[in-house]
Amino acid sequence: MRLSRAFLPVLKESPSDAQIVSHKLMLRAGLVRQTAAGIYAWLPLGFRVLKKIEQIVREEQDRAGSLEMLMPTIQSADLWRESGRYDAYGPEMLRIRDRHDREMLFGPTNEEMLTALFRDDVRSYRDLPRTLYHIQWKFRDEVRPRFGVMRGREFLMKDAYSFDLDEAGARQSYYTQLLAYLRTFQRLGIRAVPMKAASGPIGGDLSHEFIVLAPTGESEVFYDASYEEMDWSGSDLQYGDVAGLRALFDRIGQTYAATDETHDEARWSEVPATSQRTGRGIEVGHIFYFGTKYSDAMGLRVSGQDGGMVTPHMGSYGIGVSRLVGAIIEASHDEAGIVWPDAVAPWRVGLVTMRADDGPSASAADGLYRKLHDAGVETLYDDRDERGGVKLGSMDLIGLPWQVIVGPRGVAAGTVELKNRRTGECQELSAESALERLTA
Ligand code: ATP
Ligand code: MG
């Protein structure tokens, strides 16, 4: 993408209405613009990041055997009357009337809808277990939308729902999602620690929140440092491995991690002092098992193996896709701007001409841009006729993993500068070597 043709509005000043660093940076670097309280337009840069996060979430769900579908944003109130949640949900639900005066709503979540879809088409135990998911916009009329996309009113969520014949099956589905979540967050380049959540409507130990550590987080967290060493993507644990998944769950249960809501001083004091980590965190995912709450209320029953009828056990599993954009920035930035983890960077390389009006530099940079493009390296090319210093400042702010800087002096000597955004390390090398490094 050539910056001279892009829509990438960068602000020099920090917007005064933003309180936390990720919100400030998302506005300054042109990722989003607020269009109404808690509602955001995703500009091209922010949209690229959102799509990358979404794609990683999707790939890890697919690997875990979840089936993707898409449910609508608008739902009928009657559906929610069936579960009894229409009245219970309260003012967070955006209620709408259509031209025929029918009561509708903008979905805050989809348990009811999927339970109804399942009820209407699934008859037999042979069709279970299944986990289905979608990645769709939700609306919750939060009392205090704040911190930009972190607590918006409209936000993008991946929500998955599992259906099993019994509690043992539902536990397997839960453990499967637990592993899928650990792998998803690791691939996104962030550390998200699973923390036992306040137990849901039916109690039990099957509710975890995934918390990204960041000083501006809304909850206080306590965890064992061994979470910092764990490698989920590298582990060869397979999704069908019943004993292996159970062992994973037990290990998580034994390794302390809790938010202030569930913190247990007695257990905490057993964690060696050198391993105790405290701080603040942002909830980016939440998984839980709720038994037959919805299947009971909505009459979802299937014929069992022995001829009787069975009420499926369900769980639901959410990831805040749009919140993650903010959470990743909270966890990965410096004085100069955003520092994107490779996996979610909007482009891999930022190519900058220090003097667009210098013929040889411009043609060297043009040539390099073509080659990067041909090699499939996602590149943002700042070809604008702007001061070099300004362009470098914007590149740092936007935070792409690599910068290639082309200036008249280097071009005369046959070199370009290659800068690593995270470490700040700079290297002068030939354009060919830079290309080799970036395509390796
Ligand atoms: P919170 O406690 O932060 O209000 P929640 O517990 O109500 O969230 P869930 O119903 O568990 O949220 O939703 C699943 C995920 O959706 C959350 O883990 C979070 O990442 C994301 N999410 C929830 N509410 C919002 C919001 N208002 N803006 C952005 N993301 C949200
Ligand atoms: Mg939650």
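A residue counts as near a molecule if one of its heavy atoms lies within 4 Å of it. The model described here is predicted.

**The ligand site**

By that cut-off, 14 residues surround ligand 1. Glu 142, Arg 151, Gly 152, Glu 283 and Arg 323 are the closest. By class, the shell splits into 5 nonpolar, 4 polar and 5 charged residues.

| Residue | Protein atom | Ligand 1 atom | Distance |
|---|---|---|---|
| Arg 151 | side-chain N or O | oxygen | 2.8 Å |
| Gly 152 | backbone N or O | nitrogen | 2.8 Å |
| Val 284 | polar backbone atom | oxygen | 3.3 Å |

Taken alone, ligand 1 exposes 580 Å². The protein buries 81% of that area. The site itself is the largest pocket. Two elements, β8 (154-164) and β13 (276-291), each give two or more residues to the shell around ligand 1. β13 gives the most, with 4 residues.

**The cavity**

How many cavities of 30 Å³ or more does the structure hold? The count is 1. The largest cavity has a volume of about 40 Å³. Its lining consists of Tyr 40, Trp 42, Trp 137, Val 149, Glu 154, Phe 155 and Ser 322. β2 (39-42) and β8 are the elements that give two or more residues to this lining. By class, the lining has 5 nonpolar, 1 polar and 1 charged residues.

Note on methods:
Residues are numbered from 1 along each chain as its sequence is written. Chains are lettered from A and ligands numbered from 1 in the order in which they are written. This is a predicted model: local features need pLDDT of at least 70, side-chain atom pairs count only at pLDDT 80 or more; totals for chains, interfaces and linings use all residues. Side-chain values use heavy atoms; hydrogens and water are left out. A polar contact is a pair of N or O atoms within 3.5 Å; within protein, one must be able to donate a hydrogen and the other to accept it, and residues adjacent in sequence count only if both atoms are side-chain atoms. Accessible areas come from the Shrake-Rupley method with a 1.4 Å probe; for residues, only the protein chains shown count as cover. On a 1 Å grid over the protein atoms alone, a cavity is a set of points where a 1.4 Å probe fits but cannot get out, and a pocket is an open set with protein on both sides within 12 Å along at least five of seven lines; lining residues have an atom within 4 Å of a point. A molecule sits in a cavity or pocket if more than half of its atoms lie within 2 Å of its grid points. Ala, Val, Leu, Ile, Met, Phe, Trp, Tyr, Cys and Pro count as nonpolar, Asp, Glu, Lys and Arg as charged, and the others, Gly among them, as polar. Grid points are joined across faces, edges and corners, and a volume is the space filled by probe spheres set on the points.
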